[in-house]
Amino acid sequence: AGDTDGAGNAWAEAARLGGPDAGVAWAKALDAWVAAGAFDRAREAAAALPALDVGALVDAVTDAPHDALRDPAWQLRPGLARWNLRDGTLDAEAVAGAGVLARLPLERLGDEVRARIGLRVARQEWGSGVTVRLGPPGVEAAIFRTFTMGGGGFLLHETVFRRPAPAGCHHGALQSGAALGARIVLDVVLSGRGGWLSARDDHGPLLQCTISPLDQGGADWVLDMTALQTGPVGPLARVQIDEVSVWGLRPRVEAVAPELATAAALAVPRLQPDDATFWSSPDALARFRAVWEGSTTDHAQDAEVREALLRAPDPRALAHRSADARWLLVARGRAAWLAGDAERAERELLAALEAPADASEWSERVTARAILAEIALASGDRTAAQRAREAALAEAPTREAGETSLLRHPELGALAGE
């Protein structure tokens with residue numbers, strides 16, 4: 001009837017009766033009182049919400065949860081997501097703009113579903129982050145995001161949507177801080193009547209939010225983790241998931257998305273150096289380059305970026321026909337040299353240079369020969385270093401362009417006058 005103030009009073013009366021739906025009732029009271037402008041009473045409802053423990057609601061379910069973390073139905077992004085066999089975790093390197101990192105298809109078994117996800121954000125550069133989403137495909141159901149803003153550390157930001165309007169987050173602010181490396185536990189309760197999402201770390205609650213009644217869709221649901229889209233190539237976040245428990249849901253097997261691979265295919269610690277199967281998809285190397293090229297340029301000294309490049313399967317078998325494979329060889333050579341492995345660096349760089357290349361690749365070839373010059377100079381062979389430097393200049397379309405490129409290698413400046 002349009003009496004939002006009266007609706008708030010009725011919901012609050014229901015909430016004070018207690019019971020399992022008290023939290024939903026307080027949230028409804030808060031929404032109604034805010035709409036009515038009754039902010040003093042809205043504060044009363046908001047104050048009641050922190051006392052609710054969504055984790056306790058999940059724990060109270062009598063049915064045993066399904067441990068979905070190690071389920072073979074997972075689909076992972078090659079080069080960015082993998083099983084950490086040592087720690088028993090699912091690890092992802094969330095380069096901004098990379099898209100879906102991990103996906104678990106699920107089947108909904110009833111009206112109410114619950115999930116608990118444990119994760120750590122071990123690294124998060126400014127502008128990077130991840131989104132964890134649970135719900136029917138294409139429906140913005142339960143969403144939890146991490147992202148970094150100015151000031152360091154990282155901030156948590158969750159958004160829970162039901163179209164056409166977003167539901168409210170009624171515990172604390174929309175953004176709550178947590179220390180990098182802290183274990184965060186997400187608890188989600190979803191049903192056609194509404195639900196909750198909470199986040200807590202070892203020090204207590206971070207966020208607790210209501211979820212509006214959800215269009216459950218069909219039986220097909222999905223849990224996925226996606227890198228934030230802040231540009232075509234962007235900064236890096238590193239996330240480690242150590243728990244995925246679900247109630248009222250079970251994993252299902254579905255066709256693997258083109259950019260993903262089955263968890264089983266990525267369960268080995270490392271593919272053999274001569275195994276080109278990893279790169280068998282026609283655009284796998286191009287996608288890998290698109291994701292990592294910015295980081296290799298902006299964060300060449302970063303140990304984690306070097307590790308990601310050196311851990312990727314060897315692309316030498318494809319170097320004769322793929323410019324992206326040749327780029328990766330040069331990037332791996334530079335990473336190995338920065339890591340102090342001159343022998344491996346030389347092997348990677350020579351493999352790139354021995355393959356035929358297009359004229360447009362001159363910059364990578366200048367870089368490769370310049371690093372070979374640095375290696376020779378470090379070993380005390382100035383003659384070989386000078387030859388490699390001259391070969392680098394010869395790769396450029398003009399000597400001036402070559403000299404400009406060599407400015408990124410100041411160690412070679414002493415050779416210029418020889």
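Q: Where do the axes of α7 and α9 run relative to each other, and at what angle do they cross?
A: This is a predicted model. In it, the axes of helix α7 (residues 323-338) and helix α9 come within 10 Å, and they cross at roughly 25°.

Q: What does that make them, roughly parallel or roughly antiparallel?
A: Roughly parallel, because angles under 35 degrees count as that.

Q: Which hand does the crossing of α7 and α9 have, left or right?
A: The crossing is left-handed.

Q: Which residues meet there, α7 against α9?
A: From α7 there are Trp327, Val330, Arg334 and Trp337. They meet Glu364, Thr367, Ala368, Ile371, Glu374, Ile375 and Ala378 in α9.

Q: And how does the contact of α7 with α9 split by class?
A: Seven residues are nonpolar, one is polar and three are charged.

Q: Now α9 and α11. What is the crossing angle?
A: Roughly 55°, between helix α9 (residues 362-378) and helix α11 (residues 399-406), with the axes coming within 10 Å. That angle makes α9 oblique to α11.

Q: Which handedness has the crossing of α9 and α11?
A: α9 passes α11 in a right-handed crossing. For α7 and α9 the crossing is left-handed.

Q: Which residues of α9 and α11 meet?
A: Trp362, Val366 and Ala370 on the α9 side, and Ala401, Ser405 and Leu406 on the α11 side. By class, the contact of α9 with α11 has five nonpolar residues and one polar residue, with no charged residues.

Q: Ser405, then: buried or exposed?
A: Ser405 has a relative accessible area of 6%, so it counts as buried. Its place is in helix α11.

Q: Changing topic, strands. Why is β15 described as largely enclosed?
A: Strand β15 (residues 220-227) has six of its eight residues buried, so the rest of the structure largely encloses it.

Q: What about β5 and β15, how many bridges do they share?
A: Seven, with strand β5 (residues 100-108) and β15 pairing in the antiparallel sense. Among the bridge partners, Leu104 goes with Leu223 in β15, and Val100 goes with Thr226 in β15.

Q: And how many bridges join β7 to β15?
A: Six bridges join strand β7 (residues 129-135) to β15, and the two run antiparallel. Thr131 has Thr226 as its bridge partner in β15, while Leu134 stands opposite Leu223 in β15. Leu223 is also the bridge partner of Leu104, and Thr226 is also that of Val100.

Q: How many residues of β7 are buried?
A: Seven of its seven residues are buried, and the strand is mostly covered.

Q: Which residues point which way from β7?
A: Gly129, Thr131, Arg133 and Gly135 point one way, and Val130, Val132 and Leu134 point the other way. All of them are buried, Arg133 included.

Q: Back to β5. In what sense does it pair with β2, and over how many bridges?
A: Strand β2 (residues 75-76) is joined to β5 by two bridges, and they run antiparallel. Gln75 has Arg103 as its bridge partner in β5.

Q: And how many bridges between β5 and β17?
A: Three, between β5 and strand β17 (residues 249-251), again in the antiparallel sense.

Q: How far apart are Gly192 and Val113, in sequence and in space?
A: They are 79 residues apart in sequence and 9.9 Å apart in space, C-alpha to C-alpha.

Q: Last, the whole chain. How many helices and strands are there?
A: The protein chain has eleven helices and 18 strands. Of its 418 residues, 50% are buried.

Q: What share of the contacts with a separation of 6 or more comes from residues 24 or more positions apart?
A: Those residues account for 67% of such contacts in the protein chain.

Methods: Residues numbered from 1 in each chain as written. Predicted model: local features only at pLDDT ≥ 70, side-chain atom pairs only at ≥ 80, totals over all residues. Heavy atoms only, no water. Axes fitted to C-alpha atoms, helices over the stretch in contact; angles between N-to-C directions. Helix = DSSP H or I, 4+ residues; strand = E, 2+ residues; numbered from the N terminus. Parallel < 35°, antiparallel > 145°, perpendicular 65-115°, else oblique. Left-handed = near helix turned anticlockwise from the far one by under 90°. Contact = heavy atoms within 4.5 Å. Nonpolar A, V, L, I, M, F, W, Y, C, P; charged D, E, K, R; others polar. Buried < 20%, exposed > 50% of the residue type's maximum accessible area, 1.4 Å probe, protein only. Pairing = 2+ DSSP bridges.
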